[in-house]
Amino acid sequence: MQMAEVGHVSHRNRQHAGEVVVVEVENTEVSEVEELRRERAVEDVVGEVEEAERRARSKIPSCEPLKRSHWLVLGLVYISEIFVLEILELRGNLDQKLFKMMSKSYTNLLDLASGNFPIMGRERKRLPRVMTVAGVISELDDDNANSVSSDVPSSIVQDRIIIVANQLPVKAKRRPDNKGWSFSWDEDSLLLQLKDGLPEDMEVLYVGSLNVEVDSNEQDDVSQLLLDRFKCVPAFLPADILAKFYHGFCKQHLWPLFHYMLPFSANHGGRFDRTLWEAYVAANKIFSQRVIEVINPEDDYVWIHDYHLMVLPTFLRRRFNRLRMGFFLHSPFPSSEIYRTLPVREEILKALLNSDLIGFHTFDYARHFLSCCSRMLGLEYQSKRGYIGLDYYGRTVGIKIMPVGIHMGQIQSVLKLADKEWRVGELKQKFEGKTVLLGVDDMDIFKGVNLKLLAMEQMLKQHPKWQGKAVLVQIANPARGRGKDLEETQAEIYASVKRINEKYGQNGYEPIVFIDKPVSLSERVAYYTVAECVVVTAVRDGMNLIPYEYIVCRQGNSTSESESESSGPKKSMLVVSEFIGCSPSLSGAIRVNPWNVESTAEAMNEAISMVEPEKQLRHEKHYRYVSTHDVAYWSRSVFQDMERTCKDHFRRRCWGIGLGFGFRVIALDPNFRKLSVDAIVNAYVKSKSRAILLDYDGTVMPQTSINKTPSQEVISLINTLCGDAKNTVFVVSGRGRDSLSKWFSPCKKLGIAAEHGYFVRWSADKDWEVCGQSNDFGWIQIAEPVMKLYTEATDGSSIETKESALVWHHRDADPGFGSSQAKELLDHLESVLANEPVAAKSGQYIVEVKPQGVSKGLVAEKVFTSMHENGKQADFVLCIGDDRSDEDMFEIIGNALNNGVISSTTSVFACTVGQKPSKAKYYLDDPSDVIMMLDALADATDSPPSSDGETGSP
């Protein structure tokens, strides 16, 4: 075919990062001007690459000169961390040309610097790492194109999603001649099914391991085959790491713990083994390397699945700060009381928080995760317009609650065949005259199979009418794990089956039909067809889709010509454990506590004894839900939330800090930046009339400090600032005036606003002014008894009585209970004080009731207005605070600029303490930063501290 474009990449999909990316010209028709322009562009890049090589040669003694005959255009990609300094220089030179031409790629500096380029046609195929983009070079080389470090996503490359899980959605088996492998899609894999909910034009790439061991000398060929035919990238784990990773940490520690099983003894669950944790981390790192090989960080989404890869987000976030990444947990997440026993609890939480979206099947699982974040990391979640989010160093980590569904198309296609298969007719004949109850479970210690058998035994005992008539068919899928606990569980199940059949069995009748072998979906559908009720008694399970499959199968295939399917109303019954993820979605099911064998037995009897119309109504309700909330609905919803959560990624300024699993990304609005000491000192020196407003707790005094008396250093700095006649300095605090006046008694010229501005004093020799609108404090007699009630009920809480306000503190209470009680108290106070001239507000671990018209913002306005009226309009404003009450000051500053109280040329430094959403334009990290900044201002102050003078009082 004749190509109209120049620069069409000849190889499929993507080219390996460690290899040269070659752009071939195939029968091109271009003008001489375009030809010349292209050649010059190529020469420019070649020159820069050769210059980079010369700089690198000093660090790679064995490298050979580059040969231009090997290529037309090179892609410089992923650079070894050994050459970090070299890469910074190199990327700075080549980003604008080379990276744009190659559509955001990474190469291997070792190959580049050594001249180790493959020759086309003889090279060994390896995994590609570069996104192929068809088009003309002029498009890729446009000055407006996006480089790797660009803040705007590429418009050239379409979105792609990389789905990462422990296992790829492919089946692998050796060929009969033992020479190579054959692969096929695993149609039962959720990873494959979820594609139905993603945008049609979105490319899907899978990263995961295979369930077979592949020899090292076959791995490259297998990798290339899987990539070409299945778009799968296999992660090959060494045997020792695999054993410790999967059968060790995943199955011995995480799986039991997430299912509420604690290792009480070495023989029961096993003690924590740090070598298993190290293998888990190593395995996650291998997965991350496979993702990094194929990712385009500014164009790709990454969706990580399940507990095997919970620390993978940190590895990826460390490499790509703006990566759009989601995580979904398919198992339960335990309560904080269980999870906190894990020795690496914080490492896993912090790793998960490096995702942009974290998904759970149920609200319970999400609530437990949020509780862990609150109790162990001090993070509180917020709900806004129906979305739950955690603010984590400026990034909002979304929390998604969405149970997964089944693949309707797969079930429907099997139903078309199932009715024709001999198996259905055979089962109907085998169980003719019998009522069939069905259980389908993995052979696992948490599936409650033996509890189900005991419940069946109890039902036969309590309701003899079912003896000889009721049959429990229990399908036990092969175990995924191994260990002593599993062996004991299997032995117990076999013993129960034997005992019950011996006790209640008759000639031609066995109450328990136990199938201990793999069962295909088509055969499973056949059993669903004949079963009157499905029973799930798992003691803990993440989701469990067996009830969903059963409901769809009992509905039948609407297009089927079978009379058995088309005749008669549809009905189904479910007895499900209240401890499984699908239970909340099945409101028509009979929910049971599987540990209560007697109640489970009664529920089974009720299910099969229920009148037909009731069964039909329950079935219809369930089918409406299951058929509309399928796997495509789930994946579509999760992906849409991932898009929404990540939409501001390329607009924000991001950088990573921290070591190990303490790594996190700081993300800030472009207009919100750290206060520069040099900038503020320069503005301070140039100004002639300055207003300095300082909060106290959390600003110049750490919140965690037990002794709240200001240090001598703070007193000295404030005295120095007050000593300059150009300065009007105020401490604006929620504390009482007695404490503040006592603490700052050495600062004679300091202005103090106490109790959020209810009391104001311009200097030590001035009287206190009352700024409230009312002196009626009768409301205290109403509010105080209410607060005492909550104090008695909330251990660790206390009441602080001020002259103008009442404050309820819960910093020392249980975090969850204290927060809950604070919300209740706030509602209670707003209700009983509705007709009083007061305002009830919540803050950092407090609920406060104070007179209306009192705020720190009004104090700031009063100071600015006074200075303006006295002919000393502020040309420098510094306002620092750390909590919600200080936001009023930041807001007033904007208003003062608009109404002329502050000049438009005034240097304004509104600064919050801590990186968090704020109306302030600047931030400082903590009180120590504030002290350092004040120290710099004090050094730049004209006059030393003095004991007399005015501070600018009216």
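**Helices, loops and cysteines**

A: In helix H9, the buried residues are Leu-312, Pro-313, Thr-314, Phe-315, Leu-316 and Arg-317. Buried means under 20% relative accessible area, exposed over 50%, and partly exposed in between (1.4 Å probe, protein chains only). Helices (H or I, at least four residues) and strands (E, at least two) are DSSP runs, numbered from the N terminus.

Q: How many of the residues of H9 are buried?
A: 6 of its 8 residues, so H9 (residues 312–319) is mostly covered.

Q: What kind of model is this, and what are the ground rules?
A: This is a predicted model: local features need pLDDT of at least 70, side-chain atom pairs count only at pLDDT 80 or more, and totals for chains, interfaces and linings use all residues. Residues are numbered from 1 along each chain as its sequence is written, and side-chain values use heavy atoms, with hydrogens and water left out.

Q: OK, the whole chain. How many helices and strands?
A: The protein chain has 30 helices and 34 strands. Of its 954 residues, 56% count as buried.

Q: Over to H21. Which residues are buried there?
A: Lys-615, Gln-616, Arg-618, His-619, His-622, Tyr-623 and Val-626. Seen down the axis of H21, these buried residues fall within an arc of 165 degrees, so they line one face of the helix. That arc is taken from the directions from the helix axis to the C-beta atoms.

Q: And what's on the face turned away from the buried side?
A: The exposed residues Leu-617 and Arg-624 are on that face of H21.

Q: Now H23, which residues are buried?
A: In H23 (residues 677–686), they are Ile-680, Val-681, Ala-683 and Tyr-684. The buried residues of H23 also fall within an arc of 165 degrees down the axis, so they line one face. Asp-678 and Lys-686 are exposed on the face turned away.

Q: What do the buried ones pack against?
A: Several elements, including helix H24 (712–722), strand E33 (907–913) and helix H30 (927–939).

Q: Switching to cysteines. How many disulfides?
A: The structure holds 0, with a disulfide being a pair of cysteine sulfur atoms within 2.5 Å. For Cys-911, the nearest cysteine sulfur is that of Cys-879, 9.1 Å away.

Q: Is Cys-911 buried or exposed?
A: Buried, with a relative accessible area of 0%.

Q: Next, where does Asp-159 sit?
A: In the loop between helix H4 (137–140) and strand E3 (160–167). Asp-159 is partly exposed, at 29% relative accessible area.

Q: What does Asp-159 touch?
A: Leaving out residues up to four places away in sequence, Asp-159 touches Met-202, Glu-203, Asp-299, Tyr-301 and Arg-324. With Arg-324 there is a side chain to side chain polar contact (3.4 Å). A polar contact is a pair of N or O atoms within 3.5 Å; within protein, one must be able to donate a hydrogen and the other to accept it, and residues adjacent in sequence count only if both atoms are side-chain atoms.

Q: Last one: what's the phi of Lys-231?
A: Positive, about 55 degrees, although Lys-231 is not a glycine. Lys-231 is in the loop between helix H6 (219–230) and strand E7 (232–234).

How values were computed: Contact means heavy atoms within 4.5 Å.
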